[in-house]
Amino acid sequence: MISTGNDIVALKAINVARTKQQKFYNKIITGSEKALYEGQFSERLPFEYFVWLAWSVKESVFKYLQRLNPELIFSPSKIKISKLEPPSSQRVSHFEGRDFNKKTVYEGIIDYSPHTFYSRTIITDDFIFSVVSHTNNFEKVMWGIKKIGSTDADDQSKAVRTFALAMLNTLFPDSELQIDKNNHSCPVILKNDIEILVPISLAHHDHWVGYSFQV
Amino acid sequence: MTREETLNELKKVIAPYTVNKEMLAGINDQTDLIRDLKINSANLVDIIIDAEAKYDIEIDYDSADKMTNVGSCLDVITEKINQK
């Protein structure tokens with residue numbers, strides 16, 4: 001079964017000093033990922049951005065798989081980014097759409113034995129947003145990022161649902177869709193109270209929300 | 001340290017990362033950190049680091065991965081305290 005997973009990290013809400021502490025980042029990135037940073041990214045990306053990029057990718061992989069295996073435990077140290085290609089341009093022109101502009105995203109390959117995943121990550125001064133897929137082709141992935149006014153968890157939850165539903169309603173205009181959670185707390189899309197086979201992932205952090213779904 | 005004493009200290013560790021203070025006051029083993037206390041997953045590592053400092057313990061990867069609800073947090077912390 002195909003799934004989807006995304007995550008967003010609000011950069012204004014992270015603790016930069018703490019992220020740079022070894023005891024902190026060691027719980028998120030592996031030695032090989034630190035070497036990847038030092039070899040390829042240390043001159044173009046602050047270390048704390050890299051740590052949270054890794055977190056967002058790993059959380060996305062976890063969300064992807066948790067839908068299929070509700071008992072799965074999130075183990076950041078076991079989800080390994082083996083390859084990461086930087087964007088050729090940092091200018092992000094749009095925050096919602098289908099597929100990604102390869103010039104503006106970090107493209108990753110992630111090993112989580114026995115699985116391999118592919119990631120797309122957008123980094124701005126405000127957020128890090130990642131989506132993962134089982135294939136390196138994201139043409140069937142819809143995604144969106146939005147800034148909201150409130151940081152209250154219930155408001156974030158409502159805002160991201162409203163945001164994702166607006167896109168879903170343009171794709172399925174004659175359907176009365178809702179987003180709810182299943183018994184395992186995974187978000188699902190309902191049509192007339194019946195789950196449809198469009199996997200969706202929701203994320204929020206501080207003033208930012210994001211979604212991804214697979215069509 | 002009794003389990004109740006450990007729980008009371010754990011509440012102080014968790015407090016900065018949840019706005020759901022009413023639920024925090026009444027947490028039990030089944031309370032889920034993300035689902036019930038609305039803690040953002042990005043803060044889970046903060047809680048582990050703060051717990052290490054609070055109890056003067058080291059929490060390894062596998063143990064940290066288990067710390068998703070209050071009961072599992074208490075189990076891990078108690079185990080690590082006993083290993084000191």
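Reply: Asp56(B) sits in the loop between helix 3 and helix 4 of chain B, where a helix is a DSSP run of H or I with at least four residues, a strand is a run of E with at least two, and both are numbered from the N terminus. Before going further, please keep in mind that this is a predicted model, in which local features need pLDDT of at least 70 and side-chain atom pairs count only at pLDDT 80 or more, while totals for chains, interfaces and linings use all residues. Residues are numbered from 1 along each chain as its sequence is written, and chains are lettered from A and ligands numbered from 1 in the order in which they are written.

The backbone of this loop deserves a look. Most residues other than glycine have a negative phi. Asp56(B), however, is not a glycine and yet has a positive phi, near 55°.

In all, 12 residues of chain B are in contact with 14 residues of chain A (two residues are in contact if their C-beta atoms, placed from the backbone, lie within 7 Å). On the side of chain B that touches chain A, the elements giving two or more residues are helix 3 (44–55) and helix 4 (61–66) of chain B. Helix 4 of chain B supplies the largest share of that side, namely four residues. Sorted by class, the residues on the side of chain B that touches chain A are six nonpolar, two polar and four charged, where Ala, Val, Leu, Ile, Met, Phe, Trp, Tyr, Cys and Pro count as nonpolar, Asp, Glu, Lys and Arg as charged, and the others, Gly among them, as polar.

Helix 3 of chain B leads us on to its packing within chain B. Helix 1 and helix 3 of chain B pack at an angle of about 135° with their axes 9 Å apart, and this makes helix 1 of chain B oblique to helix 3 of chain B. Axes are lines fitted to C-alpha atoms, for helices over the stretch in contact, and angles run from 0 to 180 degrees between N-to-C directions; angles under 35 degrees count as roughly parallel, over 145 as roughly antiparallel, 65 to 115 as roughly perpendicular and the rest as oblique. The crossing of helix 1 and helix 3 of chain B is right-handed, a crossing being right-handed if the near helix is turned clockwise from the far one by less than a right angle, and left-handed if anticlockwise. Glu9(B), Val13(B) and Ile14(B) of helix 1 of chain B make this contact with Ile47(B), Asp50(B), Ala51(B) and Lys54(B) of helix 3 of chain B. By class, the contact of helix 1 with helix 3 of chain B holds four nonpolar and three charged residues, and no polar ones.

Helix 1 of chain B (residues 3–14) has a contact with helix 5 of chain B (residues 70–82) as well, their axes coming within 10 Å and crossing at roughly 110°. Helix 1 and helix 5 of chain B are therefore roughly perpendicular to each other, and their crossing is right-handed. Arg3(B), Thr6(B), Leu7(B) and Leu10(B) of helix 1 of chain B here meet Cys73(B), Leu74(B), Ile77(B) and Thr78(B) of helix 5 of chain B. The residues of the contact of helix 1 with helix 5 of chain B are five nonpolar, two polar and one charged.

Ser185(A), found in the loop between strand 8 (177–181) and strand 9 (187–191) of chain A, has a positive phi of about 70° although it is not a glycine. Ser185(A) is exposed, with 11 other C-beta atoms within 10 Å. Strand 8 and strand 9 of chain A pair in the antiparallel sense over five bridges, pairing being counted if DSSP finds at least two bridges between two strands.

Notes. Buried ≥ 20, exposed ≤ 12 C-beta atoms within 10 Å, placed from the backbone.
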